Amino acid sequence: MSEKSESSIHPLFAVLAAIVVSAGIIGAYLWATWTGPVHAGEVTSLSGYSIHRELSTGSGLGGVNGGPNITDEVIVIANVRIRSTTKLPLFLQDMYGNLTLPNGQVEQSLAASGSDYRKVFVAYPALAQQQKSPVPRDITMAPGQVVEGQLVFHFPVTAAQWNGRKGFDVDLRFIHQNDLVLHTGPPPQQGASQ
């Protein structure tokens, strides 16, 4: 008599069981190691200072005789708070401002460096009362550390473009981590209740 050797596990069932067990192990590993975001922050205040200049060009300067040379720009001052929410050091490398204009176009500006930051408040004394400690570049944030400071950006836009903006974001760039983008929406409409 010959006995037929039959496996009690169907091959398709064995493959499905291996997939389920593998997915469970991967899911458990991700759940155990997930720490959430490594940083958080907010823009605590935001202001724009518009500058409008009209300079007349004379015939000796190579421009159109007597034609005005018009320059519009906005200096944006953002006070920010950044928190490390990880158990490892964070390395803040750079800071950018992204201005979304009324037409949807995005203008980007690098935050003023240490020496340029001080020069802004010398060149525009009307801003001196707003000056605070700047957020330094290339800093290492200790676990749980909170950094508060000021960032200054420059945009070649008109006051109307600034006041009609669709949004303004501060983009904080970290080494070996995702960027931290702090969103601010459009400015409140005049006459609207808040």
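**Salt bridges, a buried asparagine and the overall fold**

Visitor: Which residue meets the side chain of Arg-81 in a salt bridge?

Guide: In this predicted model, the side chains of Arg-81 and Glu-42 meet in a salt bridge, with a distance of 2.8 Å from N to O. The pair links distant parts of the chain, since Arg-81 belongs to strand β2 (residues 68–84) and Glu-42 to strand β1 (residues 39–56), 39 residues apart. The partner of Arg-81 in this salt bridge is Glu-42.

Visitor: Is Glu-42 buried, partly exposed or exposed?

Guide: Buried means under 20% relative accessible area and exposed means over 50%, with partly exposed in between. Glu-42 has a relative accessible area of 24%, and Arg-81, its partner in the salt bridge, has 27%. The value for Glu-42 falls between the two limits, so this residue is partly exposed.

Visitor: Which residues are linked with Glu-42 in a network of salt bridges?

Guide: Side chains of opposite charge can pair when their charged atoms come close. Here the pair of Arg-81 and Glu-42 belongs to a network of salt bridges. Linked with Glu-42 in that network are Arg-81, Arg-83 and Glu-148.

Visitor: Which parts of the chain does the salt bridge of Arg-137 and Asp-94 tie together, and how many residues apart are they in sequence?

Guide: The side chains of Arg-137 and Asp-94 meet at 2.6 Å, N to O. Arg-137 lies in the loop between α2 (114–123) and β5 (139–141), while Asp-94 lies in strand β3, so the pair ties together parts of the chain whose separation in sequence is 43 residues.

Visitor: Is Asp-94 buried or exposed?

Guide: Arg-137, the partner of Asp-94 in the salt bridge, is partly exposed at a relative accessible area of 24%. Asp-94 has 18% relative accessibility, and because the limit for this class is under 20%, Asp-94 counts as buried.

Visitor: How many salt bridges does the count come to?

Guide: Another salt bridge is formed by Arg-173 and Asp-179, whose closest N and O atoms are 3.5 Å apart. Both residues are partly exposed, Arg-173 with a relative accessible area of 26% and Asp-179 with 35%. For salt bridges the count comes to seven.

Visitor: With which side chain does the side chain of Asn-98 make a polar contact?

Guide: Asn-98 has its place in strand β3 (residues 90–100) and is buried, with a relative accessible area of 14%. Leaving aside neighbours within four places in sequence, Asn-98 is in contact with Val-106, Glu-107, Gln-108, Gly-167, Phe-168, Asp-169 and Asp-171. The polar contact, at 2.9 Å, is made with the side chain of Gln-108.

Visitor: What value is phi of His-176 near?

Guide: His-176 is found in the loop between β7 (167–175) and β8 (180–184) and is exposed, with a relative accessible area of 72%. Asp-138, in the loop between α2 and β5, is exposed as well, at 61%, and its phi is near 50°, a positive value in a residue other than glycine. Phi of His-176 is also positive in a residue other than glycine, and is near 65°.

Visitor: What pattern does the protein chain follow, read along the sequence?

Guide: The secondary structure of the protein chain comes to three helices and eight strands, and buried residues make up 30% of its 194 residues. Among contacts with a separation of 6 or more, 70% are between residues 24 or more positions apart. Read along the sequence, the pattern is α-β-β-β-β-α-β-β-α-β-β.

Key
Residues numbered from 1 in each chain as written. Predicted model: local features only at pLDDT ≥ 70, side-chain atom pairs only at ≥ 80, totals over all residues. Heavy atoms only, no water. Helix = DSSP H or I, 4+ residues; strand = E, 2+ residues; numbered from the N terminus. Buried < 20%, exposed > 50% of the residue type's maximum accessible area, 1.4 Å probe, protein only. Polar contact = N/O pair within 3.5 Å; in protein donor to acceptor, adjacent residues only side chain to side chain. Contact = heavy atoms within 4.5 Å. Salt bridge = Lys/Arg side-chain N within 4 Å of Asp/Glu carboxyl O.
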